[in-house]
Amino acid sequence: MSDAVHEFTLDALEWHPYVQPVDLQKATPEQLDALKVTPSNTKVSAYVLVLAQETEMLAERSPLFNDIMYSDGGLSRGGRELGALAASFVNHCIYCAQVHANRFIQLEKRPEVVDEIYTNGLEADLGEYDQALFNFGVDLTAHPDNVGVYQFYHLRETGLSDLEILDLIHSVAIFGWANRLMHTLGEPHRKD
Amino acid sequence: MTTETTVDVIDKVLGLGPSSPLLALREQRAKLKHLTQTSYVAALHPADPRNFSYAERATLAARMAALWTSQELLTHYRDLATTEGASGDVLSIADPAWKPEDEASRLAVILRHVDLVTKNPKAATRENIEKLYAAGLDDRDIVTLAGIIAFVNYQVLVVAGLKMLRDN
């Protein structure tokens with residue numbers, strides 16, 4: 001088995017849990033329902049099978065995550081991915097960062113933004129719009145007890161509407177959640 | 001928790017009345033708002049609390065709110081802890097300065113994990129999960145604990161962000 005990866009990377013990764021995932025063959029009807037397993041959809045990640053240990057929470061969490069990241073209108077998909085990436089960099093969730101950095105590149109076709117973040121981390125020097133989103137995401141993640149009003153005004157000055165700011169807040173916050181599961185319950189390995 | 005399932009906790013702690021512009025904004029994301037509330041119930045008062053009592057869940061949440069000096073959520077969770085019947089050591093959990101006398105006890109190990117993953121999640125390693133197993137937690141307990149910590153931290157961030165929108 002390949003070694004665990006502890007540095008940020010854009011390479012394809014596989015998440016290996018520290019705790020026992022639910023055995024799909026022995027899953028209860030409630031677990032199967034929360035896992036959204038159907039005869040045509042039997043592929044479930046190790047991560048989701050771990051979370052299925054706690055079915056009631058998983059059943060709410062999956063649709064919440066999807067709505068925050070993919071709902072119509074408001075902040076662009078790429079903007080939400082940037083919020084996710086800011087949180088994942090602060091919380092050092094290698095796997096989350098890899099997935100959402102690649103998704104940002106796919107959506108925005110601007111790999112240079114991700115390159116700059118992967119090179120300079122929290123000190124990344126970005127264009128004005130991306131910088132405003134990234135800095136707010138970093139600040140909210142690192143100090144929810146002391147978010148800089150300056151960072152907030154920066155968002156407003158960049159022209160974000162209240163709905164777009166709300167979407168950014170949620171995308172950062174849901175990664176405050178996701179990072180605390182993914183980074184603490186397992187670790188990534190490079191795909192062979 | 002009959003009222004808690006019908007009243008939106010985040011609206012309540014931020015004092016968002018029917019005429020609040022921020023309430024109207026939140027309603028533009030009604031599905032997400034609803035799922036945030038149902039996630040709150042799933043974390044704090046699930047149908048089957050198993051090895052984490054409702055009182056313990058509420059005081060753990062109060063402790064996390066205190067760690068981030070989220071005064072609105074701290075007040076809410078202290079009240080919830082009382083409603084859920086917290087007393088003695090369980091009530092003390094809400095104070096981040098408090099430690100159980102037996103540092104090897106299940107509760108002491110859980111609190112060290114809660115404090116670490118709340119304030120400094122990047123420092124968590126496999127060893128931290130091994131400590132939870134050694135203290136007697138099983139697979140599901142560990143996922144339950146992780147879920148409670150993750151949800152409350154999400155809620156702290158949402159409240160902090162919404163306060164910026166409310167006040168600026």
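1. A residue counts as buried if 20 or more other C-beta atoms lie within 10 Å of its own, as exposed if 12 or fewer do, and as partly exposed in between. Keep that cut-off in mind for the points on single residues. Note also that this is a predicted model.

2. Start with chain A. Chain A has nine helices and two strands. Read along the sequence, the pattern is β-α-α-α-α-α-α-α-α-α-β. Along the principal axes, the C-alpha atoms of chain A fill a box of roughly 55 × 35 × 35 Å.

3. Next, the inside of chain A. Of the 192 residues in chain A, 45% are buried. Take the contacts in chain A with a separation of 6 or more: residues 24 or more positions apart account for 72% of them.

4. One record entry concerns chain A. UniProt, in an unreviewed entry, places the feature "domain: Carboxymuconolactone decarboxylase-like" at residues 64-121 of chain A. In the model, residues 64-121 of chain A are 79% helix and 0% strand. The end C-alpha atoms of that span are 28 Å apart.

5. Now chain B. Chain B has nine helices and zero strands. From the N terminus on, its elements run α-α-α-α-α-α-α-α-α. The radius of gyration of chain B is 16 Å, close to the 15 Å that the globule rule gives for 168 residues, so chain B is as compact as a globular protein of that length. The C-alpha trace of chain B spans about 50 × 35 × 30 Å along its principal axes.

6. Among contacts in chain B with a separation of 6 or more, 67% come from residues 24 or more positions apart.

7. An unreviewed UniProt entry lists residues 142-162 of chain B as "transmembrane region". In the model, residues 142-162 of chain B are 100% helix and 0% strand. The end C-alpha atoms of this stretch lie 30 Å apart.

8. How do α3(B) and α9(B) pack? The angle is about 145°, and the axes are 9 Å apart. The crossing of α3(B) past α9(B) is left-handed. On one side, S39(B), Y40(B) and A43(B) come from α3(B). On the other, G147(B), I148(B), F151(B) and Q155(B) come from α9(B). The residues of this contact divide into four nonpolar, three polar and no charged.

9. The two chains touch each other. The contact takes 42 residues from chain A and 44 residues from chain B. On the chain B side, α3 (30-44), α8 (126-134) and α9 (139-167) each supply at least two residues. Which element gives the largest share of the side of chain B that touches chain A? That is α9(B), with 20 residues. By type, the residues on this side of chain B divide into 26 nonpolar, 12 polar and six charged.

10. Look at D67(A). D67(A) lies in helix α3 (residues 55-70) of chain A. Is D67(A) buried or partly exposed? D67(A) has 19 C-beta neighbours inside 10 Å, so D67(A) counts as partly exposed. Leaving out residues up to four places away in sequence, D67(A) touches K31(B), L32(B) and L35(B). D67(A) and F89(A) are 22 residues apart in sequence, and their C-alpha atoms are 22 Å apart in space.

11. Then look at A124(B). A124(B) is found in the loop between α7 (106-119) and α8 of chain B. With 20 other C-beta atoms within 10 Å, A124(B) is buried. Which residues does A124(B) touch, not counting those up to four places away in sequence? They are H183(A), T184(A), L116(B) and V117(B). A124(B) and H113(B) are 11 residues apart along the chain, and their C-alpha atoms are separated by 8.6 Å.

Technical notes
Residues numbered from 1 in each chain as written. Chains lettered and ligands numbered in written order. Predicted model: local features only at pLDDT ≥ 70, side-chain atom pairs only at ≥ 80, totals over all residues. Contact = placed C-beta atoms within 7 Å. Helix = DSSP H or I, 4+ residues; strand = E, 2+ residues; numbered from the N terminus. Nonpolar A, V, L, I, M, F, W, Y, C, P; charged D, E, K, R; others polar. Axes fitted to C-alpha atoms, helices over the stretch in contact; angles between N-to-C directions. Left-handed = near helix turned anticlockwise from the far one by under 90°. Rg over C-alpha atoms; globule rule 2.2 N^0.38 Å. UniProt positions renumbered as here; feature names shortened; annotations may be inferred.
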